[in-house]
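Let's take a friendly walk through the charged side chains of this model. Have the structure open and follow along.

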Amino acid sequence: MARELYEAVANLPIISPHGHCDPAWFAENAPFPNPAELLIKPDHYVFRMLHSAGVPLADLGLPTSDGTPSEADPRVIWRRFAERYRLFRGTPSRLWLDWVFTEVFGLEHRLTAESADAYYDAIEAALATPDFRPRALFDRFNIEVLATTENPLDPLEHHTAIHKSGWGGRVITAFRPDNLLDPDQPGFRADLARLGEVTGEDALSYKGYLRALENRRAFFREAGATSTDHGHPTAATFDLNPREAESLFAQVAHGAVTPADAEHFRGHMLMQMARMSLDDGMVMQIHPGVTRNHDAATLRRFGRDKGADIPTATEYVQALKPLLNRYGSDPRLTLIVFTLDETAYSRELAPLAGFYPAMKLGPPWWFHDSPEGMRRFREQATETAGFYNTVGFNDDTRAFLSIPARHDVARRMDCGFLARLAVEHRLERDEAYELARGLAYDFAKAAYRL
């Protein structure tokens, strides 16, 4: 039954509504430079595992922020990776990488220290051909739409270039305003000043700041954006009155900021983002619950987002209550909530999504984007939220070549779960087929208004 369901959905187009690919790839359509630049240096799943085995990040070619040298020879970087490929046994990274090696590059022997150079040569030769340019791979992967993610101050010139190029691939942006909503972000106040320059509003006053954010949301909408994304430390929301909000903004924009100030401001601005979504139709995503840049030495030497991110316990029931009490039953809002705290699925998130019309559950994310994580999600969420309060799958990746592999894994796991329900007579056969298609394609397209 699982095989039959999978065969019915395996070749559906890919909807990739949230991710972090570089739009410059598709704007410029230049060849990818080499195997290390393509498959190792952008992928924090890869280099964090190697780091855990004692490989310095500089030995993998990651650029330093303090000017100290890092490895410049991509073949040397590739050999270091191949010599330690055994570290990925049993991980989803191994699934994705093996799929890329086999299905994209036709390499059917295992990657080892002995085969490292043969792999490197074969991949490098392929990348030099037109069939392996970004747009050709996009078409080959049967991607219907791919969303990248940019901060509100981004001029979106790469998206403009894509739209003007005449190429038929649909690459859109998504609005990620953390740098303007989170006072703990480096450069927060400088970015507020820049926001004012870009929009012509007085972004150092509360009302001008809100107008400026609305201005940038409209700019992103014109570039094709249908969603916003918020990576706050917690899911906290606060419904402040205008006087309280104006006073808090003055503090975070001009005064000393305490951790409580920062948390209240982030939570209040999630309320404001939801309010703005009622007007412009942008789908709202919340990705909370991770301690980013856990290792201070890595942050100092290599900067942010270098694999040293750790999930934390996350509370949702009280945190989201102000937002859901105000907007959770408004049909104009779609709020997609993710978690890295799996204990919250059955206890908090599924019951919330099972009541509030505006709230949907995002798929297993980041550390749980795995066969086991997907199975745990369905087992814990379905009994209370059902299937129709979920949004299918999104890959949330910087690793472009792994996108088809990730979607294939999700389709296989969902079909396995549906098959179990069907053979236990908890679903009719036609219902299982309908749900298999929904989870693979229809749900994401509808939820993200694509």
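Is Glu83 buried, partly exposed or exposed? The model you see is a predicted one, and in it Glu83 has a relative accessible area of 41%, so Glu83 counts as partly exposed. The side chain of Glu83 meets that of Arg84 in a salt bridge, with 3.4 Å from N to O. Arg84 is partly exposed too, at 26% relative accessibility.

Now move along to Arg420, whose side chain forms a salt bridge with Glu379 at 3.4 Å, N to O. This pair links distant parts of the chain: Arg420 sits in helix H19 (residues 403-423) and Glu379 in helix H18 (residues 371-385), 41 residues apart. With a relative accessibility of 35%, Arg420 is partly exposed, and Glu379 is partly exposed at 39%.

Arg420 has another contact to look at: its side chain also meets that of Glu424 in a salt bridge, here at 3.7 Å, N to O. Glu424 is partly exposed, with a relative accessible area of 41%. With a salt bridge taken as a side-chain nitrogen of Lys or Arg within 4 Å of a carboxyl oxygen of Asp or Glu, the count for the model comes to 30.

On the surface, Glu428, Asp430, Glu431 and Glu434 gather in a patch of negative charge. Glu431 belongs to helix H20 (residues 429-447). Its relative accessible area is 37%, so Glu431 is partly exposed. Members of such a patch need over 30% relative accessible area and no salt bridge.

Key. Residues are numbered from 1 along each chain as its sequence is written. This is a predicted model: local features need pLDDT of at least 70, side-chain atom pairs count only at pLDDT 80 or more; totals for chains, interfaces and linings use all residues. Side-chain values use heavy atoms; hydrogens and water are left out. Patches are made of residues with over 30% relative accessible area and no salt bridge: like charges are joined within 9 Å, nonpolar side chains (Val, Leu, Ile, Met, Phe, Trp, Tyr) within 5 Å. Accessible areas come from the Shrake-Rupley method with a 1.4 Å probe; for residues, only the protein chains shown count as cover. Lys and Arg count as positive and Asp and Glu as negative; His and the chain ends are not counted. The place of a charge is taken as NZ of Lys, CZ of Arg, CG of Asp or CD of Glu. Helices (H or I, at least four residues) and strands (E, at least two) are DSSP runs, numbered from the N terminus. Buried means under 20% relative accessible area, exposed over 50%, partly exposed in between (1.4 Å probe, protein chains only).
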